[in-house]
Structures are given as C-alpha cells and as structure tokens.
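Please consult the sequence and the structure while reading.

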Amino acid sequence: MANAIPKPIRDIWDAWSIRTTLIFSLSLQMFLIFFAPQRKRTSRKVLLSLIWSAYLLADWAANFAAGQISDSQGDDPEPGEPKKNNKLLAFWVPFLLLHLGGPDTITALALEDNELWLRHLLGLAFQAIATVYVFLQSLPNDLWKPILLVSVTGVIKYVERTLALYLASLDKFKDSMIQRPDPGPNYAKLMEEYAAKKVMKMPTQIIKIEEPEKDPKAGAKVKPDDLTELNILQYAYKYFNIFKGLVVDLIFTFQQRAESKRFFSELKAGEALRILEVELNFIYEALYTKAEILHNLIGVIFRFIALGCLIAALRIFQYTEKKDYGGFDVGLTYALLIGGIALDCIALVMFCLSDWTFVRLRKMKDEVDDPDTNFDKFLNWILGAKGLKTAKYRCFSANDKTCHEVNNKLNWFDKIIKPILIFLRLKKEEESVKKDRKDKTCHEVLNTFFMVRRWSEYVHAHNLLEYCLWITPKRIHHTKGFIHMSIDWFIAFFRIGYVFKAIGKAIAFCFHGVKQAVHFVYKWFDNKISLLCKNKNWLKEDYIRSWIYWTFFLAHLLGYLIRKFMDFFGIQAQLEEVIFTSSDRLTLDLWEHIFGEVLKKSRFADDSESAMRVSSARGDWSLRDIQGEERETEKKREKLLRYVMEMDYDQSLLVWHIATELLYQSEHGTEESHSDREFSKILSDYMMYLMMMQPTLMSAVVGIGKIRFRDTCEEAKRFFDRRHIEYRDIKKASEAILSVTAPAKAEPIDVKGDRSKSVLFDGSMLAKELKGLKELPELKDGLKKAKGEAYMWEVVSKVWVELLSYAATKCGAIEHAAQLSKGGELISFVWLLMAHFGLGDQFQINQGDARAKLVIGK
C-alpha cells in the first residue's frame, strides 16, 4: 500500500519536527514576555490577535514536543545519527515543562482562563510524569544532573502559573477578601444577666449605643499638598486592597465609604486619574499575571532558586563531554539554556521596575506631612519616567488646516526641545504648564510614552450618521509621537505623499472607468439581444435572458456565501469596527469635566439610598438644573425631560447621540463653547461605540439598542437617497434632517407605529428643543448669543456625563475587569471613581455595630 506522505518528506519530518517545535516554543516565550504586557496598553485587534495566537500555541508546542520526545525514546539511532543523541533529547523535556509555566507577564488571556486552574494542575502532574518517564528511559545518562536542575526550575514555573490562576479565580479571589467570621455581641449572655437582675428586682434597662456614621478621622489631613509619584502608588495600592472586592461584588462598610469619599473629594482631577490608573493596573496584574504570587518573600526565594538552577545547569553542561552528540543539537541545547536564563533575567528586571516592588519597598508614611527621605526622592526619580504625561493641543481654530499645522509644530517642540529645557531648568516646568492651561483654545492631551503606559489612554468613537454615509471617523486631536512625526517628515521631504495620492487617483479613475465600461457593455449587450430576437423568430428572448441571469447568479451566489461566511465568524463585524471606529486621546480637560460632575453629585449622597438615587440619574439631574423659574423655561425643561424619563436607556442614548451630532454639524463652535461642544461630541460617539462595539460590556443597559441602531440606519439611508444626498457629505445630511418640520402633535411614533424602532427624527426634534435653550428668558438679559450657545453645550455635556455614569454603575464589574486586558476603557475609570465617591449599590451597610449596654440604677 502506497504511503500518502512521500518518504523524503517523512524523513525530514522525523529528523526536524522535535527541533523545529522546540525553537518555535522558545520563540513564543520570547514573544509573550515582551508583547503580553502591551495588551493593557492598546486595543488594536492585530496585536491582540497575535498575543491570543501565541498564548494558545505556546501550550500546544510544548505538549506536542514532549509527546514526540517521549515517543522517540527507546528507538535505535538512525544511521549517521550520534549514538547518545537520545540522551540529549531527554534533557530537552524539562525545558518544555519550563515553557508550560509561561512568562510572568501573562497567566490568563481572559478571566475565564483563571477558572481552569484545575486543568493546569492536572497538566502539571501529567507533564511531570512524562518528564520522569523520558528520564528513566534514557538511563544511564551523563546529563542527569542538569536534567534534575532544569526539572526543578520547570516545576517551580508551572506551580507559579497554576497558583496564580487559582488565586485569580473568582471564588478564591472572593474568599481571600472575606474577613474572619464575626458572631457579634453575646446576645444570650446579655439576656441571661438581664433576666437575673430582673429576678433580683433591681432597676435594670438595656440601652443601645449606635456607632456614628462618620469618618473617625474627619478632622485630620488626608493627603499631602502635592502628591509625588510614590504617593500615587501608595494610595492606589491602599485602595486596591479595599476596592478589589468590586470585581466579585462584595459590599463595603460605611467607614470604608466615608474614608474613600473624603480622600477623593480632596484630590484634584489629575491626581484622581493617576491614582485610578495605577489602581486598575494593580487589578489587571492580580487577575492576568503572576504579580501577586511573585511579590512576596516566598516568591522571591523561589525565583532566585529557579534562576540559580538554570545557571548551574548551563555550567555543568558546558563542562560535559559532547563528542557523542550532534553539533546542531548541542547548539540548540545551549540556546535553550541561555534563552531560559535570558527570560528569567528579563523577568527579574520587570519585577524590579514593577509598581508592586515600589509599594513593598516603601510603606506609607504615618503622617502625611512627614518630609521625603533621600530614598523616597530616589524612588520618585525612577517613577518619574512612568508617570502620566500630557501634551498641549490647540483644539479651536477657525481654519482646521492651520490648526493641524500649529499642533505639528507644538508636537515637535513639546517632544524634543521642551523636555530638554525643563530638564536643564526644572523650576520652569510648573510655570509653563500653568501658562498653557490658561489658554482656552488648548487642551491637555494624555501623552505618556507607550512602553510605560498603564492603559491605552484612548477614547474610541463610533458615529451613526457617519456610518450611514460611509464616512471613516476622524480624530479630534491629531496627536503623533516622535516616530510618527519622523515618518511624516520623511514622507513630506521626499514627496512620497504625492506619489500615494497619484496612485490612489489612478486606482479610483480605473475603477470608475471599469464601472462605466461594464455598464456600457451591459446596455450594448441588452440591445443586441433584443434586436437579435426580433430578427430571428426562432430565438426566445426569455430563454437567453434566463441563461444570462443564471450565469451571473452563480457569481452572486458566491458573493452571498462569502458574506454569510464572514457574518458567521464575525469577520464582517470586525471589519466594520476597524473601518468605522476611531481612537482619540483622552484630554485632561474632559476628565476634569467628568470628575467635577461626579464630585458635585456625590455631595448629595449622604447614605446608601441617596447614593443609589444619584447614581441612577441619566440626564434628569442636569436637565432639572436648567436656569430659571419662568413658565417658558418650565415648559422647555419638561419637554427635554421626556427624552430621558419616558424612554428606555438605549433609546435615550440614540436620541441624544443623533441630536448631539446634528447640533455639532450645524452649530459652529465659539471660543466660549468649544470645550463643552467637544466634550459632548467625544462622549456621544464614545457611548455609541460602547453600545455597538462592546455589547458584552453594556449588556446590562443596552436592551434592544442594536435593533434601534439598525432601524435608524435604514431610515437614514432611505432619507438620504430620497433627498439625493451624496455619501460623505455629513453637513448637508444634518441640515436635511433638521429641515424636516412636523406639527406639534405629530410625533414620529404616531406616524410610523411601534414596529420600526428608528429614532432618527426623535433626535432631530430633540436637537430643535436644545436649540431653544439659547433663547431662554434668563439668557436674554444682558447676555450675547455666544453665551446662550455656550449654555446649550454645557447642558448637553452634563447630560452625557450622567449617561456615561449611569452605564458605568449598571455594567457588571466582571465586564469592567475583562476590558483591562484589552487596553482599558474610560467607562471603567468612571465606574471606579463613582465607587470611591460612594455612588452605586456597593455600600449597603448603613450602620456599624449596635452595641447594647446593660444599665443598673434608678
């Protein structure tokens, strides 16, 4: 019987399968240790897909190679193969155990992987058995000492990974935070004493002493005047140990609520952002890496034991006689040993520079006003490179092109010249920042170096009208790093951009020409068929056309099957997300706006009930704060409230999104209104991105949002086709939607019914109502039109903060934790911020321990 695989190919496979897989396994380990930490810094699909592939292939490659080596043991060496080569193969198996332990930077790809810790424990047992089996099969073996040493390292690594998965599993994670059982005061003893005193006819009563609901240190200073980078880490670690219970839905006490609320109320917005990003980074590393296993005394000891064993194995192998082994196999063995040592050294460097190391090296001061020691200053100097950085960006200009040119110049200065000047003259740093912050046309954009970021620092955007018009979203802040600016300079200097533009125009011209030619050929062919059938009576036109139809139908069928295939595997959705989603840097100004609104709302949350009431607001609080007591103002307020109080959350979200976009395209910003206008646009597009592109995260509030979005898109496309509005002309499209007028009693739902969930013209009506805010009586007296427009955008931006805050508290904590491994989301920062302010349903213990006291006397 003939073999399906030719003998030469089988010979190559037998000779190189094990060696190639070993090299591949080592390469995957190198890739993961460097690139796995980047997944918390980016949401780019390409990089996340590569990490996902490497994570899955790493375990497969190690298990496959171990099986191949195990199967080859006991076989006689092939002709020309060194006699003791099988002894060397046995030395490779412990390295596979080492690779299965994985790098420190990734233990779980997703939260669900932590629940599979028992599978990894069984894998450890079977892999250890396989290692022992191969070792025994190779005896007597001169390499038994390095085999045992590398096996010890492999077992340590694999146990670390399994233990990290076990501790990060949700049940164990929750158990680790549950305090010791508290039986409370001895009720039976108190009642017995009370009954005894009554029998003795002594005047006795029981009084209850309530524990006051306040911070016992309410009068003390809670933080230093200026928080250093080390202070940021220490406070973040403190609140991480308290609030990591949010991930598993633990309930917190009122003392924890009061302390956290008081501390965050004293913070500036930038300080709060820095603490929150470090705190979320601690949560990420606790759930997805070996950080919590390694950063203790036992973890450090075993880490040095593992590294020492690898170095000792290398030295022993170095002095072992190698004439009976193949030259390539000896080189591969050296590569495995040196590669293992290099991986451990890289992990050791990452360990030393980790946030966990700094908070373990220096505990928090007893008094906040204690001066920094020299050691504190040294740690702050190191941490300065990891701190949050910002760059100035001019957001408002009458000419967009001029605005971008100015920003490119600013970027060159900020990224190259300015850091050097600040380094030489440190005292002028604060003055330059204050001067930039006074300029209302500029915003501070987060601009931390990519390799030291703790999250992506991006806010994503998706826009309904742009999606319908096939417009790729554009960034508001066109920030670029030094490398990007260098590439742009290279392209501009060598006129490469003109070449690409010319190629693009040529392709577009060719495509248009082919389209016209196909249309012409179709018309010509159609006419010829008609004429031919008239001249030739024996030809049946219907048959010919049917034959042509079925010929082209096969091509259409193929296209239909391709589309179905793409839909089934989610490829179409992924492509749409890439094409119709943009990523813009978060500005410090937007964060200050969000922080200010949440802080203001938190002042009305005195207890659990009021906290839940405040966190459940989704625009109504801001709308009720509209200025004025006039009847006209009251009517306007009531009309606007209908768009949040009488609608489901997802419907309200779409309506406000459409209204915001219509206003943004039809109302030109002024210097006074441009900040709130920009905040409204960013948050509106961001919430639409969350609803459509992150449905799992928004599952608790999104409802039938996807159905409403699709129905609205279909109505918008039909409307644009009817009005002959060309694609990519969003300003004309917005004006056309706003031009549709309707009687006061003709609501869209009255005309269309409830079958279609489209809210296109509901958004148009809301936009017209919001324009009316500029004409309120309270704004006419002594105020210019620009002030009225600024007030309108102020109201809209506040409503969007409430809509974002509502979604943040209602979304599940597990979904927030899952986003940390995909670059992080702004909504997760808002969720944690609101928890620190005591907003939400996590604080359900309103009272402390009520202590009963037995009082004897008159």
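The points below treat the overall fold, then individual helices and their packing.

This is a predicted model, in which local features need pLDDT of at least 70 and side-chain atom pairs count only at pLDDT 80 or more, while totals for chains, interfaces and linings use all residues. Residues are numbered from 1 along each chain as its sequence is written, and side-chain values use heavy atoms, with hydrogens and water left out.

**Overall fold**

- The protein has 38 helices and six strands; helices (H or I, at least four residues) and strands (E, at least two) are DSSP runs numbered from the N terminus.
- Of its 858 residues, 47% count as buried, meaning under 20% relative accessible area with a 1.4 Å probe and protein chains only.
- Among contacts (heavy atoms within 4.5 Å) with a separation of 6 or more, 82% join residues 24 or more positions apart.

- Helix α2 (residues 45-72) packs with helix α3 (residues 85-101) at about 155 degrees, their axes 9 Å apart; axes are lines fitted to C-alpha atoms over the stretch in contact, and angles run from 0 to 180 degrees between N-to-C directions.
- α2 is therefore roughly antiparallel to α3 (over 145 degrees; under 35 is roughly parallel, 65 to 115 roughly perpendicular and the rest oblique).
- The residues of this contact divide into nine nonpolar, three polar and one charged (Ala, Val, Leu, Ile, Met, Phe, Trp, Tyr, Cys and Pro are nonpolar, Asp, Glu, Lys and Arg charged, and the others, Gly among them, polar).
- The axes of helix α1 (residues 7-35) and α3 come within 11 Å and cross at roughly 25 degrees, which makes α1 roughly parallel to α3.
- In α1, residues including Ile18, Leu22 and Leu26 take part in the contact, as do Trp92 and Leu96 among those of α3.

**Packing of α28 with α34**

- The axes of helix α28 (residues 649-666) and helix α34 (residues 760-771) come within 7 Å and cross at roughly 55 degrees, so the two are oblique to each other.
- Among the contact residues are Trp656 and Leu663 of α28 and Gly763 and Leu770 of α34.
- This contact comprises ten nonpolar, three polar and two charged residues.

Key. Buried < 20%, exposed > 50% of the residue type's maximum accessible area, 1.4 Å probe, protein only.
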